[in-house]
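Welcome, and please open your viewer with the whole chain on display. We will begin with the surface and then select a few charged side chains together.

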Amino acid sequence: MFFFRAQFSIIILRCVGRHGRAYVQSKIRLHFRTARSFNLYILNARMIVKQLLKQSGSQARVRLKHRFPGGRNVGGKYSISDHSVTLYLYEIRKQCRIMFGSASLSLCKQLLRIVLAHELGHAQDPQLSELSDSMDACESRLDRSRLALQIEENAWNYARQLLPAASMEMLEIVAGHSLSAYREVIAEEQARQHIA
C-alpha cells in the first residue's frame with residue numbers, strides 16, 4: 001500500500017505541478033473510485049501521448065493537467081508560442097460523460113486520443129501561423145469567425161488522417177460538437193449582415 005501511494009503522488013506531481021498538488025489530490029478522490037483507476041487513466045494517457053507523437057512525427061511538447069483554468073470545459077489546447085499541447089484529464093472525463101453518457105476508462109481513452117490528435121493537428125498545421133495572423137488583423141467578426149472555423153477544420157482533418165478507421169464514428173461526433181459553435185456564430189453574423 002505504501003508503494004502505491006508513493007507512485008500515486010509522483011504521478012500527480014508530474015501532471016499537475018508542485019503548486020496544485022494538495023488541491024488535486026483531494027479532487028481526484030471525488031472523481032475516481034480508487035487511486036488505482038486514476039493511476040490507470042494516467043498510464044493510459046501517457047501511452048496514448050507517446051504513441052500519437054511517434055505516429056505523427058510531431059515535436060510538440062505534451063503536458064497532462066487535471067483541469068482547464070477558468071471553468072470552461074476544454075479538453076485540450078495548443079500553444080503556438082511554445083509549440084506545446086496541454087490535455088486536461090478531468091475535462092476529458094467530463095466531456096465523455098456529457099457526450100456519451102459514461103466516463104468509463106475505455107471511452108475516456110478514446111476521447112483523449114481524439115482530443116490529442118486534434119491538438120496535434122494544430123501543431124502540425126503549416127497554415128496555422130498565417131491564419132492566426134490574419135485572424136488577429138481581421139476587423140470583421142464574420143471574417144474572424146470564418147478563419148477560426150478554418151483553423152479548427154484543419155485540425156480535425158489532420159485528426160481524421162492520424163486516427164484509425166475504428167475511431168471515426170466517435171471522432172465525427174466530437175468534431176461535429178466542436179465545430180457547431182463556430183458555425184453558429186457564422187450563421188448569426190451572416191443573418192445580422194443580411195438584416196442590416
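What you have open is a predicted model, in which local features need pLDDT of at least 70 and side-chain atom pairs count only at pLDDT 80 or more, while totals for chains, interfaces and linings use all residues. Residues are numbered from 1 along each chain as its sequence is written, and side-chain values use heavy atoms, with hydrogens and water left out.

Now switch to a cartoon. You will find eight helices and three strands, where helices (H or I, at least four residues) and strands (E, at least two) are DSSP runs numbered from the N terminus. Along the sequence, the pattern reads α-α-α-β-β-β-α-α-α-α-α.

Next, colour by accessibility. Of the 196 residues, 42% are buried; buried means under 20% relative accessible area, exposed over 50%, and partly exposed in between (1.4 Å probe, protein chains only).

Time for the charged side chains. How many salt bridges does a search of the whole structure find? There are six, a salt bridge being a side-chain nitrogen of Lys or Arg within 4 Å of a carboxyl oxygen of Asp or Glu.

Select Arg141 and Glu189, whose side chains form one of these salt bridges, at 3.2 Å from N to O. Arg141 lies in helix α7 (residues 141-162) and Glu189 in helix α8 (residues 168-195), so this pair ties together parts that are 48 residues apart in sequence. Is Glu189 buried or exposed? Glu189 counts as buried, at 9% relative accessibility, whereas Arg141, at 40%, counts as partly exposed.

Arg192 is partly exposed, with a relative accessible area of 45%. Through shared partners, salt bridges join Arg141, Glu189 and Arg192 into one network.

For the last stop, select Arg183 and Glu153, a salt bridge whose closest N and O atoms are 3.1 Å apart. This pair links distant parts of the chain, with Arg183 in helix α8 and Glu153 in helix α7, 30 residues apart. Arg183 is partly exposed at 42% relative accessibility, and Glu153 is partly exposed at 22%.
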